[in-house]
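Dear colleague,

Please find the structure below, followed by an account of what was found in it.

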Amino acid sequence: MAEKLSIKEREQLLEPLLKENGWLLASGRDAITKKFSFVDFNQAFAFMTAVALRAEKMDHHPEWFNVYNKVEITLSTHHCQGLSVRDVDLAKFINQAASKA
């Protein structure tokens, strides 16, 4: 079972996502969120498909919202009711997938 990020892990793993990669702490909960914008729906859907396939392999599924070329993703680990290393790992993959889209 995943454990919540410790203070040290938050400094080492989470801070770079927040400061350098555009992720934000979600309001009112222990989660991170990021909005993405693509050229069109096809590009957004291809991105979501790549994320979905990786998330399924990780058995770690994001919360997301999509309208046409916009995708908003929120990550939090339900098992520990907060952020875990799994969220950091998936966020890193999401950033890579977005840069390739």
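**Two buried loop residues**

Ser84 is buried, with a relative accessible area of 1%. The model is a predicted one. Ser84 belongs to the loop between β4 and α3. Apart from its neighbours within four places in sequence, Ser84 is in contact with Ala2, Glu3, Leu5 and Thr77.

Gly82 is found in the loop between β4 and α3 as well. With a relative accessible area of 0%, Gly82 is buried. Once its neighbours within four places in sequence are set aside, the contacts of Gly82 are Lys4, Asp30, Ser76, Thr77 and Asp87. Between Gly82 and Leu53 there are 22 Å in space, C-alpha to C-alpha, and the two are 29 residues apart in sequence.

**The sheet**

Four strands form an open sheet in the order β1-β2-β4-β3, and their pairing is antiparallel. β1 and β3 (63–67) are the edge strands, each pairing on one side only. Helix α2 (residues 41–58) packs on this sheet and touches β2, β3 and β4. The direction of α2 makes about 165° with that of β3.

The strand pairs may be taken in turn. β1 and β2 run antiparallel and are joined by two bridges. Leu25 has Ile32 in β2 as its bridge partner. Six residues lie between the strands in the hairpin of β1 and β2, and there Gly28 takes a positive phi near 80°.

β2 pairs with strand β4 (residues 70–75) in the antiparallel sense, over six bridges. Several partners in β4 can be named for this pair. Lys34 has Ile73 as its bridge partner, Lys35 has Glu72, and Phe36 stands opposite Val71.

β3 and β4 are also antiparallel, and they pair over five bridges. Here Asn66 is the residue that stands opposite Val71 in β4.

Five aromatic pairs are counted in the model. In one of them, the rings of Trp23 and Phe36 have their centres 6.2 Å apart and their planes at 75°, so the pair is edge-to-face. An angle over 60 degrees is what counts as edge-to-face. This pair links distant parts of the chain, with Trp23 in the loop between α1 (7–20) and β1 (24–25) and Phe36 in strand β2 (residues 32–37), 13 residues apart. Trp23 and Phe36 are both buried.

A further pair is made by Phe38 and Phe47. Their ring centres are 4.8 Å apart and their planes lie at 35°, so this pair is tilted. Phe38 and Phe47 are both buried. Through ring pairs, Trp23, Phe36, Phe38 and Phe47 are linked into a cluster.

Just after α1, Gly22 takes a positive phi of about 80°.

Helix α3 (residues 85–100) has 16 residues. From its first C-alpha to its last, α3 reaches 23 Å, close to the 22 Å expected at 1.5 Å a residue.

Which residues of α3 are buried? They are Asp87, Val88, Leu90, Ala91, Phe93, Ile94, Asn95 and Ala97. An α-helix has 3.6 residues a turn, so residues three or four places apart point the same way. The elements that cover the buried residues of α3 include α1, β2, α2 and β4.

One detail of the hairpin of β3 and β4 remains to be reported. Two residues lie between its strands, and Tyr68 takes a positive phi near 50° in this hairpin.

With kind regards

How values were computed
Residues numbered from 1 in each chain as written. Predicted model: local features only at pLDDT ≥ 70, side-chain atom pairs only at ≥ 80, totals over all residues. Heavy atoms only, no water. Phe/Tyr/Trp six-rings, centres within 6.5 Å; stacked < 30°, edge-to-face > 60°. Buried < 20%, exposed > 50% of the residue type's maximum accessible area, 1.4 Å probe, protein only. Pairing = 2+ DSSP bridges. Contact = heavy atoms within 4.5 Å. Axes fitted to C-alpha atoms, helices over the stretch in contact; angles between N-to-C directions. Expected span 1.5 Å × (residues − 1).
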